[in-house]
Amino acid sequence: MINNSEADFNKAYNKALVHEIQHLFNPEEASLISFSDIKKLLKPKNESYIGIKTIPISSIVGSEDRYNDFDKEFFPKNLHLRSRWQSIDDAHQKDIILPPISLYELGGLYFVRDGNHRVSVAKAQGIEFIDAEVVSLKTEIKLKPGLSYKKMKKQVINYEKRVFYSETNFGDITDYWCLDFSATGQYDVIYNHILTHKYYINQNKTEEISMQEAITSWFETVYLPVIKHITNRKILRRFPGRTPSDLYVWFIKYWDEIKTKFGESYSIDDTIEDFTERYGVRFFRRIKNKITKILMDF
């Protein structure tokens with residue numbers, strides 16, 4: 001005869017299976033988030049001990065090291081979790097008080113350091129709050145609960161874009177509002193490109209040019225020619241999921257490497273063509289990769 005804890009585990013495990021099937025073609029939407037991935041994304045500068053707090057379980061979105069064992073709703077994905085899970089479920093049914101779990105707080109959300117099974121059982125039982133010992137990592141970015149890692153990444157990129165446009169006045173200066181990226185940290189790269197461009201222009205000036213002039217010059221003489229080449233040659237088709245600005249950053253970095261090897265005479269146009277041939281995905285190869293991924297998921 002199945003006892004209550006065994007039945008509870010089976011029910012929670014089956015829910016994880018259903019979620020996996022529902023997100024068969026987009027598994028990330030059902031995945032628990034890795035704390036390490038979010039930490040790399042937000043790059044917090046320091047941490048502080050907060051102490052014991054009562055935390056809404058809905059705001060616990062990830063785990064430090066058990067993110068592969070549970071799904072996004074903290075339902076168990078693996079049968080080897082059964083014994084530990086059922087013992088905690090049994091303790092809850094007997095009103096045995098368990099110690100607080102341990103959490104990291106980052107961007108307004110929480111990630112489990114210790115107590116993944118306790119969170120899972122509480123979630124399965126419909127409990128809304130749990131006591132936790134919290135360590136907070138400081139960041140200016142506030143994340144939204146319920147998002148996948150991919151959407152959180154997009155939220156961080158949007159934040160970085162707002163900061164860049166606000167601090168440099170880039171949009172008003174250039175009337176260009178689509179400096180977009182698919183990876184974080186790229187607006188810092190662009191800012192450094194502009195500063196480098198400004199430095200070289202000032203080499204031949206008796207009076208230092210303004211930042212506005214530097215942005216205008218970089219945009220018109222460096223950035224736009226590369227973007228026009230990308231557009232005219234339809235190169236973006238060879239890099240699915242990327243933006244023109246992604247390619248600009250890659251091409252300039254690759255150009256610097258090429259010039260170190262072959263000299264300053266190596267043109268940016270030749271660099272773009274060489275990079276595209278080396279790293280761009282051709283149409284039929286892209287279709288083959290998609291089919292292979294679908295078959296592997298099955």
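A residue is called buried when its relative accessible area is under 20%, exposed when it is over 50%, and partly exposed in between, with a 1.4 Å probe and protein chains only. The structure is a predicted model, in which local features need pLDDT of at least 70 and side-chain atom pairs count only at pLDDT 80 or more, while totals for chains, interfaces and linings use all residues. Residues are numbered from 1 along each chain as its sequence is written, and side-chain values use heavy atoms, with hydrogens and water left out.

Helix H7 is a place to start. Helices here are DSSP runs of H or I with at least four residues, numbered from the N terminus. H7 covers residues 186-202, 17 residues in total, and spans 25 Å from its first C-alpha to its last. That is close to the expected 24 Å, the expected span being 1.5 Å times one less than the number of residues. Its buried residues are Gln 186, Tyr 187, Ile 190, His 193, Ile 194, His 197, Lys 198, Ile 201 and Asn 202. Viewed down the axis of H7, these fall within an arc of 165°, so they line one face of the helix; the arc is taken from the directions from the helix axis to the C-beta atoms. The cover over them includes helices H5 (149-168), H8 (211-232) and H9 (244-262), where contact means heavy atoms within 4.5 Å. Asp 188 and Tyr 200, on the other side of H7, are exposed.

Next come the aromatic rings. Rings of Phe, Tyr and Trp (its six-membered ring) pair if their centres lie within 6.5 Å; planes under 30 degrees apart are stacked, over 60 edge-to-face, and the rest tilted. This rule gives 27 aromatic pairs. In one of them, Tyr 199 and Tyr 200 have ring centres 5.3 Å apart and planes at 75°, so the pair is edge-to-face. Tyr 199 is partly exposed at 48% relative accessible area, and Tyr 200 is exposed at 55%.

Phe 275 and Tyr 279 make a tilted pair, 4.8 Å centre to centre with 50° between the planes. Both belong to helix H10 (residues 268-279), and because they are 4 residues apart, about one helical turn separates them. Phe 275 is buried at 9%, whereas Tyr 279 is partly exposed at 46%.

One aromatic cluster includes Tyr 187, Phe 164, Trp 177, Trp 218 and Tyr 248.

Finally, a charge sits over a ring if NZ of Lys or CZ of Arg is within 6 Å of the ring centre and within 35 degrees of the ring normal. Arg 113 lies over the face of Tyr 104 at 4.6 Å from the ring centre, and the charged end of Lys 259 sits 4.0 Å from the ring centre of Trp 255.

Definitions and conventions:
Helices (H or I, at least four residues) and strands (E, at least two) are DSSP runs, numbered from the N terminus.
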